[in-house]
Amino acid sequence: MPDKILEIRNIKREFHMGTEIVRALKGVTFDVAAGEFLTIMGSSGSGKTTLLNILGCLDKPTAGEYILDGTGVGKLSRNELAKLRNHKIGFVFQAYNLLPRTSALENVELPLFYNSSISARERKQKAIKALEAVKLADRLDHTPSQLSGGQQQRVAIARALVNEPVMILADEATGNLDSRTSYEIMALMQELNQQEGKTIVFVTHEPDIAAFSGRTVMLKDGKVLKDTVNEAKKSAKDVLASIPVTDDY
Amino acid sequence: MNVMNLIRIALRALQRNKLRAFLTMLGIIIGVASVIAMVAIGQGSKKSIQDALSSMGSNMITIRPNSNVTAGARLDATSVQTLTIDDVKALQKQAQYISFISPAVSTRGQAINGALNWPTSMQGVSPQYLDIRKWHVKEGNVFTEADVNTAAKVCLLGQTVVNNIFAPGEDPVGKIIRFNKIPFNVIGVLEAKGENAFGQDQDDVILAPFTTVQKRILATIYFQNIYVSATNENTTKLATAEISDILRRSHRLKPADEDDFAVRTQEELINTFSSTSQLLTILLTAIAGISLVVGGIGIMNIMYVSVTERTREIGLRMSIGARGIDILLQFLIEAILISITGGLIGVALGITASKLVTTFLSWPTLISQSSILLSFLVCGMTGVFFGYYPAQKASRLDPIEALRYE
Ligand SMILES: Nc1ncnc2c1ncn2[C@@H]1O[C@H](COP(=O)(O)OP(=O)(O)OP(=O)(O)O)[C@@H](O)[C@H]1O
Ligand SMILES: [Mg+2]
């Protein structure tokens with residue numbers, strides 16, 4: 001059994017809406033090993049985003065324990081959480097969240113601005129390397145409005161990679177993309193997972209996307225419904241090769 | 001997080017919205033420019049008044065008659081008559097701190113030379129008057145004590161009078177002119193002195209022995225003024241006290257009586273006029289300062305809009321590791337950059353405006369370093385003060401809610 005990068009024990013998250021209490025997570029427990037590619041599935045409102053926010057240290061659980069890479073997250077201050085996000089986590093959002101009117105390069109550089117140990121030269125080098133990894137080395141100066149949706153998401157992935165995090169968290173990262181572009185993104189994810197050994201937690205509600213991961217946690221009403229290892233893991237590269245390029249009309 | 005990075009982030013954010021940044025700056029630019037121009041104009045006029053007054057001789061002392069309370073109804077200073085030749089003699093004999101003394105009595109009238117005539121005033125003075133005023137004759141000679149004793153009909157002409165009653169190139173010295181029908185022998189011409197601090201032409205005057213004016217024109221024994229010059233600039237205070245003492249004795253005033261004369265030093269005059277122009281400067285600066293505050297409110301307004309507009313950006317920055325303080329500083333630095341840049345442009349504009357005022361309106365201006373420094377400081381503080389609350393609002397956002405903001 002490889003090292004556990006992430007352990008959650010009986011995580012609960014309640015939202016207080018006036019007098020009403022919304023129980024988004026009602027006690028979720030699982031581990032993620034280093035180098036694993038995990039998808040979290042579930043119907044809308046099942047608590048996927050809430051869980052991912054907690055895993056990404058953007059939110060704190062109401063109850064339960066969360067250990068990330070050996071550190072208990074529960075006791076950390078806001079600033080320590082920010083540092084953790086900067087050093088250990090790369091986020092990819094459904095809406096890309098790139099800065100408008102800002103070049104791809106500068107967008108990717110962004111996380112490094114909040115890491116004072118990195119010089120301006122290193123920052124640029126690392127950003128270019130990350131953009132090369134997502135095959136956008138020829139689009140450094142393009143602003144988001146000059147890029148396609150898939151390219152924008154790849155910039156966002158490069159931004160998630162640039163600080164060399166131990167894990168990448170993606171919330172419906174393919175939700176706004178057509179299926180071909182989705183497969184391209186998944187092929188990129190698989191490559192990062194297999195070649196760079198990045199741990200990936202990927203939220204989706206599309207089963208064909210989940211099929212590219214090694215394991216799927218199914219949520220329902222804030223609880224783990226199923227936690228299954230995916231025996232017949234598909235290669236996104238192969239799937240891409242099998243569909244004709246002239247799919248569109 | 002180092003500050004250089006934050007400055008870079010703030011600069012990039014401003015670059016993305018150049019026009020808006022400039023429009024926000026405009027308030028500050030106008031505020032600073034007007035502060036600097038107003039202070040420059042105020043200081044300039046103050047300095048020119050001071051210069052003009054001290055060019056008259058900063059150790060000059062003026063004695064005027066003053067209304068006496070015991071006389072019942074207070075009278076206008078010019079109609080009060082208390083100064084006589086006895087006072088001049090007493091001062092000449094007893095005062096130690098006085099180097100020159102001249103009584104003065106003046107009257108208006110028509111100066112005529114042949115077919116040319118000119119309305120002007122004649123000042124009856126003693127020869128020492130020119131020493132007190134630091135004035136010289138350009139041609140001819142000054143009248144003498146003998147002329148004073150005999151009430152001689154001799155006079156010195158100011159340049160303006162010469163220009164108006166003599167043809168160009170004609171030498172006035174030795175000619176006879178008439179003033180109020182009385183013939184006067186022109187024995188000298190005064191060098192041109194130009195306008196005084198209040199815009200009066202100092203050359204529009206005829207000087208004659210005071211006895212002549214008193215006896216032959218006004219038929220009076222009183223003076224309107226006595227001008228005195230202290231031995232030097234440091235003895236003006238002593239001289240003033242001494243003069244008061246001597247005049248009180250000479251006028252036989254009892255200890256309880258108020259002075260029936262007033263002694264003014266040039267310094268007091270300077271202070272009087274300085275304080276008026278100071279008040280004006282303060283007023284103008286206050287108005288300009290208000291526009292600076294309005295500019296600051298403009299910054300605050302735009303920063304609030306900017307924070308709301310960039311809520312998602314703030315959420316994103318937090319999700320990739322920005323701490324609250326990083327966000328706070330980013331927005332604060334943006335506000336400060338706007339105000340400081342506005343300040344710089346404002347300083348440049350203010351200096352240019354002051355120069356233009358001097359060039360085209362020929363108003364004196366004096367750009368003081370302190371006003372530049374002050375408005376710069378105020379700018380920085382405006383940035384911090386008005387930028388802080390929006391920045392704090394940004395830093396306190398919840399990252400998840402900020403990311404979800406539409
Ligand atoms: N900030 C909040 N305040 C109140 N309730 C919330 C908040 N965030 C989430 N919830 C509630 O928690 C539950 C889970 O929400 P969550 O966003 O995690 O669902 P999800 O699985 O991501 O759904 P989807 O697939 O539609 O994105 C929902 O019922 C939602 O209404
Ligand atoms: Mg969701």
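A: Helix axes are lines fitted to C-alpha atoms, for helices over the stretch in contact, and angles run from 0 to 180 degrees between N-to-C directions. Helices (H or I, at least four residues) and strands (E, at least two) are DSSP runs numbered from the N terminus. This is a predicted model, in which local features need pLDDT of at least 70, side-chain atom pairs count only at pLDDT 80 or more, and totals for chains, interfaces and linings use all residues. Residues are numbered from 1 along each chain as its sequence is written, chains are lettered from A and ligands numbered from 1 in the order in which they are written, and side-chain values use heavy atoms, with hydrogens and water left out.

In chain B, helix H9 (residues 266–309) and helix H12 (residues 369–395) have axes that come within 9 Å and cross at roughly 25°. H9(B) and H12(B) are therefore roughly parallel (angles under 35 degrees count as roughly parallel, over 145 as roughly antiparallel, 65 to 115 as roughly perpendicular and the rest as oblique). The axis of H12(B) also comes within 7 Å of that of helix H11 (residues 324–361) of chain B, with a crossing of roughly 155°, so H11(B) and H12(B) are roughly antiparallel. H9(B) passes H12(B) in a right-handed crossing, and the crossing of H11(B) and H12(B) is right-handed; a crossing is left-handed if the near helix is turned anticlockwise from the far one by less than a right angle, and right-handed if clockwise.

Rings of Phe, Tyr and Trp (its six-membered ring) pair if their centres lie within 6.5 Å; planes under 30 degrees apart count as stacked, over 60 as edge-to-face and the rest as tilted. B:Tyr129 and B:Tyr227 form a tilted pair, 5.6 Å centre to centre with 55° between the planes. This pair links distant parts of the chain, 98 residues apart: B:Tyr129 lies in helix H4 (residues 129–132) of chain B and B:Tyr227 in strand S9 (residues 225–230) of chain B. B:Tyr129 is buried at 3% relative accessibility, and B:Tyr227 is buried at 13% (buried means under 20% relative accessible area, exposed over 50%, partly exposed in between, with a 1.4 Å probe and protein chains only). B:Tyr388 and B:Tyr389 form an edge-to-face pair, at 5.7 Å centre to centre and 90° between the planes. B:Tyr388 is partly exposed at 32%, and B:Tyr389 is partly exposed at 44%.
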